[in-house]
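Let's take a friendly walk through a structure together. Have the sequence and the 3D view ready as you read.

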Amino acid sequence: MSRVFNRRKLKFNQKNKEQQDDKLVPKPLYPNLDQNLEVLHFLYKDCSDMVFRSFVIADQTKAQLIYIKGMSNIEEMDSNVLTPLIQKADQQSINPKTLIEQRLSVAEVTRIESFDACIDQLSIGNPILLLEGNQQGFALGLAKWEKRGVEEPSGELVVRGPREGFTESAGVNTSLLRRKIRSPQLKMKTLKVGRYTQTTIMITYIEGLSDKTLIEEISQRIKRIDIDGILESGYIEELIQDNSYSPFPQVLVTERPDTAVSNLLEGRVVIIVDGTPFVLVAPTTFYSLFQSGEDYYHHFMISTATRWLRFLFLFISLLLPSFYIAIITYHQEMVPTTLLLTMVDSREAVPFPALVEALLMEITFEGLREAGLRLPKQVGAAVSIVGALVIGQAAVDAGLVSDPMVMVVALTGIASFTIPRYNIAIPFRMLRFPMMLLAGTFGLVGIMMGLLAILTHMSTLRSFGVPYLSPMAPMKGKDMKDTLIRAPLWKLNTRPHLTGEYNEYRQDSDQKTFRRQGR
Amino acid sequence: MIEKGKISALQMGILMYHAIIATGILFIPSTVYEAAKQDIWISPIWACPLGLLSVYIAYKLHTLYPNNTIIQYSEHILGTLLGKLLGFVLLLLLYTSASVMIWQYGEFVVSEFLPHTPKFVIIGMMVLLCAFAVHGGLEVIGRLAEMVVPIFFLLFFIIIILLLPDIEIKRMLPVMENGMMPSIKGSVTLYTWFAQFGIIYFFLPFLTNREKGMKSGMFSVLIVTFTLMLTNIIIILVFGNVTENFNAPLMSATRYISIAEFLSHLEALVMAIWLAGTFIKICVFYYAVVLGTAQWLNLSNYHSLVLPVGLLIGVFGMQAFLNSAEAAEHFRIVSQGFMDTLVYGVIIPMFLFFVAYIRKLRIFKQKGRRER
């Protein structure tokens, strides 16, 4: 059996390789301009957005300016490239290269020597200048294309904290990081991934804080990706995470520069993918997914209380319907008598067992939520009205569900929104359903078994070598001060330990202001 | 080495704590009560030295063979044939022990919570869950124990506090009515539990901080003693001389909790504690059996053994006893005469240790040769 699969795999790999070999091998530019143009014309055949503009530098040398429409700044090209170069030279037979050095008023000029580099530069919007009799071309840093401005991230709102968010452009994103970390120790390594998209991926870290082997591991994992296109950081996330068969996110995703920076300062690595405002932070642990940037901007007591609330609601979002089912079906004696009577009273008319009732309502609720996410805005109002009818008084009046069930579903729905990160809320929403089935078949024993199974699975997880449940399991006392509680800033003296060697102390100790005695 | 993962000494201590206390907390009070009457809370103190002894011997053997478990060094101490034979006996005892645990679990769940559910479903579910954890390796079991322990303590103390209104001091009086003997007799039953500490010989080679192995093991024994004392005191204060009528007194005691009309019937809490603890306990023994079998067969990897062994102990666990009366008879015989846990926990290691001590010179010579 496995041999058949192996043969198939082999065949697939062979075919794959053959296709790959068709790709252009890096060829140096020719000294002859016409020859160069011929190749470029051939490469960009049927590309109506390419512009080839030929002109003569100082009445002597033939030259060609090549760019892609809409990706380069035409005004600057006119005034800073064409105008000065076309002007006649004062002396005869001056070297065109020196002329370019003297006259070209463009800040960023890169020399290119191969067609590969030529294509690279063109595709990011930089115009190319080719000269007759010269084996070097010039890429001019005049890229300019339409991009979204820096706006407040809609997925991660805060009450207090900076309101800027990452954008789709990697260049803007790195500048947002650089503006927060002025130190030159903020390093960015650029990789290109994607056979066709050639997407820029930047591995950002602070030298001296991040473990070198970790950076090496991350770049290795990204380098071995061979895929036709990267459209979002989700592609990278799925291809580099340790355990692909886990519903739990092993990489943190954020839209907020302040969150990214605080993770950088803790020695983690931020991966910026061009074309998406969502950057990845690795490695990550279960508890860090429950931290919000805002936790550090508010008073530590408030933040701690908020964290506890989040964990409480995490359990509610996972377990409340299951508890309800288990208690109604198996453990009625746990409910105080008066409450039990009310519940029985309202359940009397309901034709389904509690499990079916709960499944019905939960699935309806999930459906409504999903519908609300994807619908065009104009229809949104209709969904909310219908939703209120389906999960609400109408359902109860119709005798399909009981009153307590409506409350349970509503509370569960709210609970999963209290978790600050969407990607950690989803697995718990999903796991609610198997838990409900377990509760319906085995009661509280089933719930406990389900919880233990989830816990076992989470204990097996690692994110880039860091155990997922650390610092609780394996226990690291020093790092516990920023998990279930948020210790005051003057106590957060050490960085959390991730892997390998690390820079332990993040600040001076004894920074608490104290009241002077006497005087 | 066959196990790639490492655990910390603390994790080992917590693992052992769960492995002893999970069933102990439920069944010890009534079994000890038979002999010790109102002095059941003193018995753990007398049994504690046995736990310390078994940890000590296991640690001493570990210092002789720091990278091996008992299955491996028994071959080295006694020679291949005798060593294999001893390993076989040891494994058989462990298999039986694990099966009895699974039977206890199944019986308890069926009788207390789910009377209409077939037993093989309940046992099968637990064995599968444990297989999942054991397959993950020692690291995963260690982390699980660490995650469970705070919840365990929290719920335990909540129960103790909620039971406080029902206690009456005069139920434990007079202390030592008939001298020390009843409590010492009662402690004999506890040897079954404390001897299980010997099983750390399967974990000591995989510690990150080996020098702390002994300390952490001893500490675990002391905490177990303390927990048992606390449980026994509470039980005797709540139930007095009716304790022996209950199979699991702590469970029954929580049924009487009734505070503000709302907090009542909290046996689900005990169940949660006990289920999580039993899970760790079965995992510990399951893992020991799997690792021991793999080493006995000289396999390079124990993962392929996880499911077969699980099936074996699951089926053994189903067949262990016909009914609880037979089981009670078994436990009576075991606790008074032939203690299987005592054999594998203390006697076998002690025997090995003495043989090693006598042959010490030769062993060290051979070791030196190997290192060269």
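This is a predicted model: local features need pLDDT of at least 70, side-chain atom pairs count only at pLDDT 80 or more; totals for chains, interfaces and linings use all residues.

Residues are numbered from 1 along each chain as its sequence is written, and chains are lettered from A and ligands numbered from 1 in the order in which they are written.

**Chain A overall**

Chain A holds 16 helices and 12 strands; these are DSSP runs numbered from the N terminus, with at least four residues of H or I for a helix and at least two of E for a strand. Some overall values for the chain are gathered here.

| Property of chain A | Value |
|---|---|
| Radius of gyration | 30 Å |
| Span of the C-alpha trace along its principal axes | about 105 × 75 × 55 Å |

The radius of gyration is taken over C-alpha atoms, and the globule rule is 2.2 Å times the number of residues to the power 0.38. Of the 519 residues in chain A, 35% are buried, meaning that 20 or more other C-beta atoms, placed from the backbone, lie within 10 Å of the residue's own.

**A five-stranded sheet**

In chain A, five strands form an open sheet in the order S1-S2-S4-S5-S3, with antiparallel pairing. Its edges are S1 (50–57) and S3 (109–112) of chain A, each pairing on one side only. From one strand to the next, the twist averages 25 degrees; axes are lines fitted to C-alpha atoms, and angles run from 0 to 180 degrees between N-to-C directions. Strands count as paired if DSSP finds at least two bridges between them. Strands S4 (residues 128–131) and S5 (residues 137–140) of chain A run antiparallel and are joined by three bridges. There, A:Ile128 stands opposite A:Ala139 in S5(A).

**Helix H13**

How many buried residues does H13(A) have among its 14 residues? The count is zero, and H13(A) is hardly covered. This helix (residues 377–390) reaches 20 Å from its first C-alpha to its last, close to the 20 Å expected at 1.5 Å a residue; the expected span is 1.5 Å times one less than the number of residues.

**Where the chains meet**

The contact takes 22 residues from chain A and 27 residues from chain B, with residues in contact if their C-beta atoms, placed from the backbone, lie within 7 Å. On the side of chain B that touches chain A, H10(B) gives the largest share, six residues.

Methods
Two residues are in contact if their C-beta atoms, placed from the backbone, lie within 7 Å. A residue is buried if 20 or more other C-beta atoms lie within 10 Å of its own, exposed if 12 or fewer, and partly exposed in between; C-beta atoms are placed from the backbone.
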